Structure formats: structure tokens, C-alpha cells
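Here is a friendly walk through one protein fold, heading by heading. Please keep the structure open as you read.

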Amino acid sequence: MTYPHGPFPSLPPEEEALFAAAAAGYARYRPGVPDAAARLLAGALRGRPAPVLLDLGTGTGQVPRALLAAVPGLAHIEAVDVSRRMLDQARDSLAPVLGRCTLRLVHATADTYAPLAPLPGEAQRAPDLVTCCRAYHWMDGPAVLAMADRVAAPDATVAIMGDGSLWTHDCDWTLALRELIQRYLGPGRRAGARGVYAEPSRSFEEDLAASAWTDLTEHRIPIARTWTPAEVLGYLRTTSFAGPTLFGERHAAFEADARALLHAHASNGSLVENTVFTVLLARRPGGAS
Ligand SMILES: C[S@@+](CC[C@H](N)C(=O)[O-])C[C@H]1O[C@@H](n2cnc3c(N)ncnc32)[C@H](O)[C@@H]1O
């Protein structure tokens, strides 16, 4: 497991700081990849003897973890993230479950990722599956898809997936929570130190249609998640829209208000989020470059 040596092209320092600060809480409070989605991704690798995964914006390694369980023959993982702290957490989370699979941690922005040149006599191991979970909106999407076209195996699959956030979710307790955050931070959805979140100008589907990855299928997986109020507070601390630094010295007051609100909405101590995990599976037309 290695990081390449710098210099790295990277995000603005305040954006990388946002992810670094969230890294420890991420491993603990961020939901993993649903089993049904892991099975779907495993299906894209069926019949390949020693498949290779390239995971972009790996965070604390949620996608590799799910795939190590769903694809017993997974041979190698390239896990890319712009945050070193996230990669440290990914290493700690994945090391115990790697088995014979090898892992390379790559500290880079996804669009600048490049594989290591193979050693003499070694074959290049091009990725069979390129995944990007809850991270594509942070990236230069078209450049990421062009990079995937450069590096992936001819019949590879790209998977862009995610499930929104407690900010975007619409039910009584998430709406009340959003209103509370807005009372503290103003009406716009904050995006860490960058200011206010800007919706992407093109949808992920439009990006794919304009790329080499035009053979697209969409899969929508309904999921019901249960949270305790303490887990919601832990999750909020990892987000770009309600992280502690945004509140400054009012963070403790916000958490007290949020805790009371969540307890008032909880039933038997639990809050339910019924959401949809969407997976866009894309291949090159005809399955070759
Ligand atoms: C919301 S987390 C998602 C983590 C994980 N994939 C998951 O499903 O939970 C987004 C991750 O993308 C990383 N990231 C943001 N912009 C990136 C970029 N341009 N290139 C690579 N990683 C990036 C962040 O550091 C963070 O770890």
C-alpha cells in the first residue's frame, strides 16, 4: 500500500482541509454501500478471473470494502483520493479484509490519476471497473471520464453512484433539521469553505452522454436507513453543509437544538430515512475503446 511522492495537483487547500477534518467521523458515521449495489457491481465483473477496481474519491474505502465482500476473486484495488487523511482511514479499514487482494492508495485528484508503469515482464493491470460513489459532484466530471477512457480495460464498466444526503432528503425530520441548519447558517446550502453549494451545470447522465461511456443503464435501489439522534449529529459533523467550523462558537448551541429536535421526531429512539441509492452503469458502445 503506497502513496506516490509529490508534488500533487490538488484541490484548493481549504477544500482538502474540509475532507481531512471529516475523515475520522466518516469511517464511523457515513453509510456504506448497500448490498444490492455491491451485487450489481459484482455482476459487472462476472467471468473475469482477476478483476481490478479503480475507486475514485474513495473516502474511507466504502466501495472497496463492499466489493471485497461481494467479489471474492478481486485481485487489485487502486483507491484514489485527494485527502491523505481519508486515505489513512481507508488503509486502516481495508487492511484487515484484503486477503490476497493488493491495494494501492493514490493521493491525487481523480482526473489526474495515472497507473504506475508495470515492472519489466509484468502485464499492465487495467481497471475492469471504475467506481465513483458520492464523490463525482466534487470532481471535474468530463476530465474524470476522459481519464477513465485512457486507463480502463476495453470492456470495462464505469459506475457513478450515490444516495443524496440528509440535506436533500425530504421527510418531516430531515426538513425540520434543514430548517434548523438554515436558521444558524442562512438559507443557502453551505459547501464548506467554498461558500454556497452550486448545483452542477450538467447532470451526470449528460456528462456520460458526452463521453466515451455512452452505453448507460440506471439502477435505482430503495433503501431504508435507521439513525439514532447521536448518529445524525456525528454524520452532520462530517458534512460540508453542517460541519463544526461553519458554526464557529455557536456549534454547541446548534448541536443542543438539533439533539432536542431529533429526539422529538424519533420513534423508539430511531429516525428512518427512506431513500434511493442510484447506480449509473456505463460502458463504451460495443464494450471496447
Ligand atoms: C462524500 S466522500 C465519498 C466517499 C466514499 N466514496 C463514499 O461512498 O462514502 C467524497 C470523497 O471524495 C474526495 N474527493 C473530492 N474531490 C476529489 C477529487 N477531485 N479527486 C479525488 N477525490 C476527491 C474527498 O476527499 C472525499 O473523500
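Predicted model: local features only at pLDDT ≥ 70, side-chain atom pairs only at ≥ 80, totals over all residues.

As general background, nonpolar side chains tend to be buried together in soluble globular proteins.

## The sheet

Which order do the strands follow across the sheet? Seven of them form an open, mixed sheet that reads β3-β2-β1-β4-β5-β7-β6. Strands β3 (102-107) and β6 (215-227) stand at the edges with a single partner strand each, so one side of each has no neighbour in the sheet. From one strand to the next, the twist averages 15°.

Strand β1 (residues 52-56) pairs with β4 (residues 129-133) in the parallel sense, over four bridges. Within this pair, Leu-54 is found opposite Val-130 of β4.

## Helices on the sheet

Helix α2 (residues 35-44) packs on the sheet, where it touches β4, β5 (157-162), β6 and β7 (271-283). The directions of α2 and β7 make an angle of about 10°.

Another helix to look for is α4 (residues 84-94), which lies across β2 (76-81) and β3. Helix α4 runs at about 170° to β3.

## A helix pair

The axes of helix α6 (residues 172-185) and helix α10 (residues 251-265) come within 10 Å of each other, crossing at roughly 165°. That angle makes α6 roughly antiparallel to α10. On the α6 side, the contact is made by Asp-172, Trp-173, Ala-176, Leu-177, Leu-180 and Tyr-184. Helix α10 contributes Phe-254, Asp-257, Ala-258, Leu-261, Leu-262 and His-265. The crossing of α6 and α10 is right-handed.

## A residue in an edge strand

Is Ala-224 buried or exposed? This residue lies in strand β6, and Ala-224 counts as exposed because it has 8 C-beta neighbours inside 10 Å.

Leaving aside neighbours within four places in sequence, Ala-224 is in contact with Val-272 and Asn-274. Ala-224 and Val-276 are 52 residues apart in sequence, while their C-alpha atoms are 8.5 Å apart in space.

Methods. Residues numbered from 1 in each chain as written. Pairing = 2+ DSSP bridges. Helix = DSSP H or I, 4+ residues; strand = E, 2+ residues; numbered from the N terminus. Axes fitted to C-alpha atoms, helices over the stretch in contact; angles between N-to-C directions. Contact = placed C-beta atoms within 7 Å. Parallel < 35°, antiparallel > 145°, perpendicular 65-115°, else oblique. Left-handed = near helix turned anticlockwise from the far one by under 90°. Buried ≥ 20, exposed ≤ 12 C-beta atoms within 10 Å, placed from the backbone.
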